Amino acid sequence: MELKISVKKRLPSFELDVAFSCSPDKLLVIIGPSGAGKTTIIRMLAGLDKPDEGTITFNGETWVDTKKGIFVPPQKRQLGYVFQDYPLFPHLNVQKNVAFAAQDETCVERLMKQFDIWHLRNRNVAMISGGERQRCAICQNLARKPRVLLLDEPFSALDAVTRKTLRTEIKQLKGELCIPIIHVTHDISEATQLGDELLSVVQGRIVPRWLFQFRLKDLSFRRRAGIEDIWGQNDTYNDNLEVSSL
Amino acid sequence: MDWQPLFLSLKLAAVSTFLLIILAAPLAYALSLARFVGKAFLEALINLPMALPPTVLGFYLLVIMGPKGFLGRFWETITGSPLVFTFQGIVIALLIYCLPFAIQPMKAAFEKIDRSMLESAYVLGLSPLATFLRVIIPNSISGLAAAAILVFIHSIGAFGVLLMVGGSIPGETKVVSIAIYEAVESLAYREAGRMCLVLIPISYSFLLLLNLITRRSRAWS
Amino acid sequence: MRRFILFFFTLVLFVYPYPTVAGESLHIAVAANFMQPFKEIAKLFESENPVSVNATFASSGHLTGQIMNGAPYDIFLSADEERPAALSQKGFAEKPFVYARGRVVLWSAKKELCGVSGWQEVVKHPSVKKIAVASPKVAPYGAAAMAAIEQSSLQNMIKHKLVYPENIAQAFQYAATESVDAAFCALSSALSEQGKKGCYFEVGEAPPIVQGACVLMRAKDRQTVNKFANFLNSPEANSIKKKYGYK
């Protein structure tokens, strides 16, 4: 049930060249400055972008193999992708949004209660707050029983309190689902709070482990690597943090 | 008053509107999405009926839909009967004439849809066709309604094109616009006036109905 | 701003209706079917008189409507007698006079029909699937053709074949482009360049189309106008008319 990726893609300012893997019930956090290619990586995992060369496999299934010309479309990969701007369907209410691709109806109610949006079920999605919309988006994806969950800066547009709450919920979620979860963020405290593994991507390359750990406490490095220190709680840097590398 | 031309016009407008919305929607969608060489040329070609005087368009349609034209011959091989001077013939003439009025509003509505909403649908497991039916169409109802209004009113008002291709056969192609024209020409002004008086409230109520639909759909988008 | 004003004034100068320099002019409303012979007659008149003749060609019904709403014509040449009579009765025109007599014929571009014995056989012919006849309500030639059909008791037999264009010229055009197999049209069309490429059949049962004209009350220069009206029935004009199939 491992997700493996090794791809290259030519982007406007640099070449993206990454390779890593994520095992089930591990939450991998990808951090890096904007424009580093993080979203491109996630989109390639989801099947919304194609790499120039490389492979992506999941649990032995080949999703992408440029040499063999294999490309499995996003529909068939059965994953969840929580977008940054949580695009819900405006023509449906909250419940119908969650139930949109649900495997069975019973889990819809359970999920909505778990994420505390059940009371909003008949509301139009335009009339709920940002945090509620994000929860709805998460429920929508979970209702599909995804095999992989991708989150692309899901909380960046929310206030600090909501962020904290949702982070906790994601952490709890990780314990329940046994699937690989990949979370993109530029908030180091979020990264350290949530992540079992940390991957730093700068200019399309993964920053090697020794360099990363060594320079983590260097403020100027942190700034250049885009690892912002968003004012949060007293999270300390976890020296034992495992950093994925090539 | 002779009611037949009026019923014929309404029937013609309803059939044309229905068919054209179905046919033009995928075309409008393709135009809103795709970026291909010659897209500008294709769009100008689709819009051509708007720029041509209706009698010119009618003349060319007569030539291609007639027994010697490629469309007319194709139709005859398939159905065994001619295309010009029939109800089906004027429906097809209207489809071509009204195509740009259907495409423009629909294309504008499709272009306004957020791309990430579509990608979200794909990731959730919807094929492009299912996405088109379950996500795109419900979110562009106002565009579809606008297209339907325009096609309907142009169908009712169409005169020059139908004059050439229809042959003014009572019950088949003699639509109310032609009947009014003939009444005026034969100095039967009262009859012409009567037909106009009946036509106006019918068209108006249809426009009003569609306007309400548009407003309701805009409320939650 | 100044450029805009200059442009605007230039536009007005062009649009302003200047009176024509070359002496006097006549404005004549002519039924569309009489267009070709009229052009020749007018030219002949202009060469003998210091007048310019301007004509508008449209369907008789159209022109009648315009005249009743104040169109500035001097003479109206209709395709029938009824319309000039109506105008005269309503006070828009002087008493009408006949200026031409036309004939309805059946014309077809299809050479294979040329050997058929008469027009009734042509319309009944199995290979003739569509026949154009100008809408009887608006076109006198169409009305004459329908009269002939009814007189020959053919209306039920060929009703499904009939197509009704708005005017006689369109009927001929349908037949010339072979959108229909045959059309009832004016003899003048059949005798034209295009018409010679097909063949026509006399329709004896159709009454001759008596085309009436009238001088309109709005006409200013009555002397010139009456001169033209008389010229329409002069020997020179008659020979031109004959050439085009009118009597």
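# Note on a predicted three-chain model

1. The buried residues of α6(B) are covered by elements of two chains, including α1 (38–46), α2 (74–77), β7 (80–82) and α5 (130–142) of chain A and α1 (4–33) and α7 (128–136) of chain B. Cover here rests on contacts (heavy atoms within 4.5 Å). Helices (H or I, at least four residues) and strands (E, at least two) are DSSP runs, numbered from the N terminus.

2. The model is predicted: local features need pLDDT of at least 70, side-chain atom pairs count only at pLDDT 80 or more, and totals for chains, interfaces and linings use all residues. Residues are numbered from 1 along each chain as its sequence is written, chains are lettered from A and ligands numbered from 1 in the order written, and side-chain values use heavy atoms, without hydrogens and water.

3. Why is helix α6 of chain B largely enclosed by the rest of the structure? The helix spans residues 115–123, and eight of its nine residues are buried, so the remainder of the structure largely encloses α6(B). Buried means under 20% relative accessible area, exposed over 50%, partly exposed in between (1.4 Å probe, protein chains only). The buried residues are Ser116(B), Met117(B), Leu118(B), Glu119(B), Ser120(B), Ala121(B), Tyr122(B) and Val123(B). Gly125(B) follows α6(B), with a positive phi near 110°.

4. Confidence in chain B deserves a check by element. Its mean pLDDT (the predictor's confidence in each residue, from 0 to 100) is 88, and 97% of the residues of chain B reach 70 or more. Helix α5(B), residues 87–111, has the highest confidence in the chain, at 93. Helix α11(B), residues 189–220, has the lowest, at a mean of 81.

5. Next, the chain contacts. Two pairs of chains are in contact, and chains B and C share the most contacts. Chains A and C are joined by no contact; their closest C-alpha atoms lie 47 Å apart.

6. Chain A has nine helices and twelve strands. It has 246 residues, 54% of them buried. Of its contacts with a separation of 6 or more, 70% are between residues 24 or more positions apart. The chain exposes about 11000 Å², 48% of it from carbon and sulfur atoms. Areas come from the Shrake-Rupley method with a 1.4 Å probe; for residues, only the protein chains shown count as cover.

7. Strand β1(A), residues 3–10, pairs with β2(A) in the antiparallel sense over eight bridges; pairing requires at least two DSSP bridges. Leu3(A) lies opposite Cys22(A) of β2(A). In β2(A), residues 15–22, side chains alternate: Leu16(A), Val18(A), Phe20(A) and Cys22(A) are buried on one face.

8. Chain C has eleven helices and ten strands. Its C-alpha trace spans about 70 × 50 × 35 Å along the principal axes. Of its 247 residues, 51% are buried. Among contacts between residues at least 6 apart in sequence, 77% join residues at least 24 apart. Chain C exposes about 12300 Å², with 58% supplied by carbon and sulfur atoms.

9. Finally, a surface patch in chain C. Met1(C), Phe4(C), Ile5(C), Phe7(C), Phe8(C), Phe9(C), Leu11(C) and Val12(C) make a nonpolar patch of about 880 Å². Leu11(C) sits in helix α1(C), residues 2–15. Leu11(C) counts as partly exposed because its relative accessibility is 42%. Patch residues have over 30% relative accessible area and no salt bridge; like charges are joined within 9 Å, nonpolar side chains (Val, Leu, Ile, Met, Phe, Trp, Tyr) within 5 Å. A salt bridge is a side-chain nitrogen of Lys or Arg within 4 Å of a carboxyl oxygen of Asp or Glu.
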